[in-house]
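Please prepare a briefing on the structure shown below, grouped by topic and with the cut-offs of each term stated.

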Amino acid sequence: MKKVLIAGITALTLVFLGACGNTADNDKDKTTKTEQTAKQEFKTKTVNNIDMKIGEIKTTESTKKDKNMVSIAMSFLNNDNAPVGVGAGDFKIKSGDKTYEVFPQGNNFGDEFKPNEKLEGKAYFELPTSVKKGTLVYAPMGKEQASWSITIPEAK
């Protein structure tokens with residue numbers, strides 16, 4: 001009877017220790033995932049009475065070798081007293097001595113919106129995998145009016 005009791009206590013102890021060990025590993029994995037998916041915070045900028053906010057940046061692998069597809073969520077609020085238009089084509093990414101235009105086949109945003117209305121959408125860029133940081137530039141008609149420093153996350 002003592003042997004059965006000792007075997008039972010030993011088994012429960014091993015199960016308990018195993019569960020504690022897994023919890024520590026899970027916490028470590030959660031920390032790593034949280035660090036990888038930490039969102040970048042960007043200041044809202046106002047240009048021509050339009051509040052511009054940059055949201056989440058996501059990266060996926062492109063079908064082309066050594067390229068990534070980067071989507072940048074954006075939102076705009078029209079504080080003007082007339083309708084205004086904003087489109088993804090007004091944005092570029094500068095990295096090093098290169099400038100990257102919006103990916104034309106992407107489901108890019110662009111529309112005219114009325115005073116006090118909000119416009120939301122994504123701009124898509126196809127970037128070399130070597131691009132890790134850059135500057136997102138708002139440059140309608142080729143004239144730079146606002147910029148944000150961005151970090152390109154790893155593809156998921």
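Glu-126 is buried, with a relative accessible area of 15%, where buried means under 20% relative accessible area, exposed means over 50% and partly exposed lies in between, for a 1.4 Å probe and protein chains only. Glu-126 is found in strand β8, strands being DSSP runs of E of at least two residues and helices runs of H or I of at least four residues, numbered from the N terminus. The model is predicted, so local features need pLDDT of at least 70 and side-chain atom pairs count only at pLDDT 80 or more, while totals for chains, interfaces and linings use all residues. Residues are numbered from 1 along each chain as its sequence is written, and side-chain values use heavy atoms, with hydrogens and water left out.

**Surroundings of Glu-126**

- The side chain of Glu-126 makes a polar contact of 2.8 Å with the side chain of Ser-62, a polar contact being a pair of N or O atoms within 3.5 Å in which, within protein, one must be able to donate a hydrogen and the other to accept it, and for which residues adjacent in sequence count only if both atoms are side-chain atoms.
- A further polar contact, of 3.3 Å, joins the side chains of Glu-126 and Lys-64.
- Not counting residues up to four places away in sequence, Glu-126 touches Ser-62, Lys-64, Lys-67, Asn-68, Met-69, Tyr-100 and Phe-103, contact meaning heavy atoms within 4.5 Å.
- Met-69 is the residue that stands opposite Glu-126 in β8.

**Salt bridges**

- Side chains of opposite charge can pair when their charged atoms come close.
- A search of the whole structure finds 5 salt bridges, each defined as a side-chain nitrogen of Lys or Arg within 4 Å of a carboxyl oxygen of Asp or Glu.
- Lys-64 and Glu-126 meet through their side chains in a salt bridge of 3.3 Å, N to O, and this pair links distant parts of the chain, with Lys-64 in the loop between β2 and β3 and Glu-126 in strand β8, 62 residues apart.
- Within that pair, Lys-64 is partly exposed at a relative accessible area of 46%, whereas Glu-126 counts as buried at 15%.
- The side chains of Lys-132 and Glu-154 also meet in a salt bridge, at 3.5 Å from N to O, and they too link distant parts of the chain, Lys-132 lying in the loop between β8 and β9 and Glu-154 in the segment after β10, 22 residues apart.
- Lys-132 is partly exposed, with a relative accessible area of 39%, while Glu-154 is exposed, with a value of 55%.
- Glu-120 forms a salt bridge with Lys-118 in which the closest N and O atoms are 3.7 Å apart; Glu-120 counts as exposed at 55% relative accessibility, and Lys-118 counts as exposed at 56%.

**The open sheet**

- An open sheet is formed by 4 strands in the order β1-β2-β3-β8, with antiparallel pairing, two strands being paired if DSSP finds at least two bridges between them.
- β1 (45-47) and β8 stand at the edges, each with a single partner strand, so one side of each is left without a neighbour in the sheet.
- From one strand to the next the twist averages 35 degrees, with axes taken as lines fitted to C-alpha atoms (for helices over the stretch in contact) and angles running from 0 to 180 degrees between N-to-C directions.
- The antiparallel strands β3 and β8 are joined by 11 bridges.

**Nonpolar core**

- The largest nonpolar core has 30 residues, and those with the most contacts inside it are Ile-72, Phe-76, Phe-91, Leu-136 and Trp-148; such a core is a set of buried Ala, Val, Leu, Ile, Met, Phe, Trp, Tyr and Cys residues joined through side-chain atoms within 4.5 Å.
- The elements that give two or more residues to this core are β2 (50-61), β3 (67-78), β4 (84-87), β5 (91-95), β8 (118-128), β9 (133-138) and β10 (146-151).
- Leaving out residues up to four places away in sequence, Phe-76 touches residues including Ile-50, Met-52, Val-86, Phe-91, Phe-109, Phe-113 and Leu-119.

**Ser-95**

- Ser-95 has its place in strand β5 and is buried, with a relative accessible area of 17%.
- The side chain of Ser-95 reaches the backbone oxygen of Lys-133 at 2.9 Å.

**The chain overall**

- The secondary structure comes to 1 helix and 10 strands, and buried residues make up 31% of the 156 residues in the chain.
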